[in-house]
Amino acid sequence: MTDYHSRLAAHNDYITETAGKRPAFFIRTYGCQMNSRDSEKLMGMLLQLGYIQAESQETADLVLYNTCCVRESAENKIFGHLSRLKNIKETQRSDMIIAVGGCMSQQSEIADNIRTRHSYINIVFGTANRHRLPQFILTTMETGNQVIDIKEDEDLPELDSVPVTTRDYPHKAGVNIMYGCDNFCSFCIVPYVRGRERSRPETDILQEIEALAADGVKEIMLLGQNVNSYGKGMRTDFPTLLRQSNEVSGLERIRFMTSHPKDFSDELIFAMGECDKVCKSVHLPLQSGSTKVLTDMNRYYTQAEYLELTRRLQEAIPGIAITTDIIVGYPGETDEDFEATLDVVRQVRFASAFTFIYSKRSGTPAAKRTDTIPRQVANQRFEQLTATLYPIMDEINQCKIGKALPVMVEETRDTTCKGRTNDNTLVHFTTETTMPQPGEIIPVIVTTAKTFYVSGVLA
């Protein structure tokens, strides 16, 4: 334990002695699976330092928001929640420490905004120095000053090594295999706040997976902004890592995200087909079906190349569920461009999709575009997209009726349970006999189907 870790632990011991209770923390997470995994690691770090987990932010001594900046709406929501937290601090908990970390706070303009307009926020840190949270807490405890540190510090092993003792689902865990992104899509702020790509050593990753499996984890999600490019500059690659992970005893399922279509190799397709634990589902962001728009987005593939990739996936792995991300209303998008997107949706038949109206992100090339799409037009296209997509999703689920599907249980309550199939379909089911445990894989007969889930009974 470093000196400031020891000093912070001593602070917490002092608080316990004087207040009669351990200091408590509350973490609120926004955004992607990588943010969720970061929050688990930060939680593990705070537990190591003697904190306990609070039931709500109102009862916490330390409140941490781990933020996202992919869309402007996310930032607005975060600041809305922070304003309510400010009221709690000013009226009830003057000694509460409020910390904001993650992608949103990595942006210098956000950090400056907090410095000048939100003095009630005690700590602001970025994506590359989150392992220094104990030092930031200690500094604000000792000085009472606001701590803002978004300097790039790309040495993250200290955070990677923190044990995670609390997860939303004890049988599932994410494993970071790399950090950052080198793609610089014109609409995306992530490379600017997450930094350039850095792959973790495969030995470290496999040791973490083995430890998770020994702790009862049955399903892992390999995480990266672009997992397909894992291993650049190293003597390994993502298909190799996938095969090695498949050999870990105790694991039942392996998932990964996110994949960039331009780096999705035939070798990766072969590995997915050969590894029995790798799930028959893949998240493959399309963003647009128009080759012109894809070029403007700096995506490095055409509509034809995307369709050929999905054809190869569906041919090599029958029954694979392909999910995606789609943006409508990108600057310069014409009716013909949008129709090209609908054409891809109809051809690929996505099992699910995250659909967005383009959100301007300051600092990205697309933010400089002046050929913006009127909001009314973007809204109409969004509605047309979902009207095309949702019936396909519903048809895919309707075809599951009457089938007995292996479901990994996630939650149980009374006689009702929910879980997911190999292809990541959400399943609600009931049982009148022995209640299954989270992590168990059991057969469920599908009786009804909706657009976003299916329902059934224990076989």
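Visitor: What should I know before I start?

Guide: Residues are numbered from 1 along each chain as its sequence is written, and side-chain values use heavy atoms, with hydrogens and water left out. The model is predicted, so local features need pLDDT of at least 70 and side-chain atom pairs count only at pLDDT 80 or more, while totals for chains, interfaces and linings use all residues.

Visitor: Which order do the strands of the open sheet have?

Guide: Strands of a sheet pair through backbone hydrogen bonds, either parallel or antiparallel. Here three strands run β7-β10-β11, with parallel pairing. Strands (E, at least two residues) and helices (H or I, at least four) are DSSP runs, numbered from the N terminus, and two strands pair if DSSP finds at least two bridges between them.

Visitor: Which strands stand at the edges?

Guide: β7 (172–176) and β11 (253–257) do; each has a single partner strand, so one side of each lacks a neighbour in the sheet. From one strand to the next, the twist averages 25 degrees. β10 (residues 219–223) pairs with β11 over five bridges, and I220 stands opposite I254 in β11.

Visitor: Which helices pack on it?

Guide: Helix α9 (residues 202–214) touches β7 and β10, its direction making about 170 degrees with that of β7. α10 touches β10 and β11, at about 155 degrees to the direction of β11. Contact means heavy atoms within 4.5 Å; axes are lines fitted to C-alpha atoms, for helices over the stretch in contact, and angles run from 0 to 180 degrees between N-to-C directions.

Visitor: How do α10 and α11 lie to each other?

Guide: The axes of α10 (residues 238–246) and α11 (residues 266–274) come within 9 Å and cross at roughly 10 degrees. They are therefore roughly parallel (angles under 35 degrees). In α10, F238, P239, L242 and R243 meet α11 residues including L268 and F270.

Visitor: And where is empty space left?

Guide: Rolling a probe the size of a water molecule over the atoms shows that. On a 1 Å grid over the protein atoms alone, a cavity is a set of points where a 1.4 Å probe fits but cannot get out; lining residues have an atom within 4 Å of a point. Grid points are joined across faces, edges and corners, and a volume is the space filled by probe spheres set on the points. The count is three cavities of 30 Å³ or more. The second largest cavity holds about 40 Å³, and its lining includes N35, D38 and R194.

Note on methods:
On a 1 Å grid over the protein atoms alone, a cavity is a set of points where a 1.4 Å probe fits but cannot get out, and a pocket is an open set with protein on both sides within 12 Å along at least five of seven lines; lining residues have an atom within 4 Å of a point. Angles under 35 degrees count as roughly parallel, over 145 as roughly antiparallel, 65 to 115 as roughly perpendicular and the rest as oblique.
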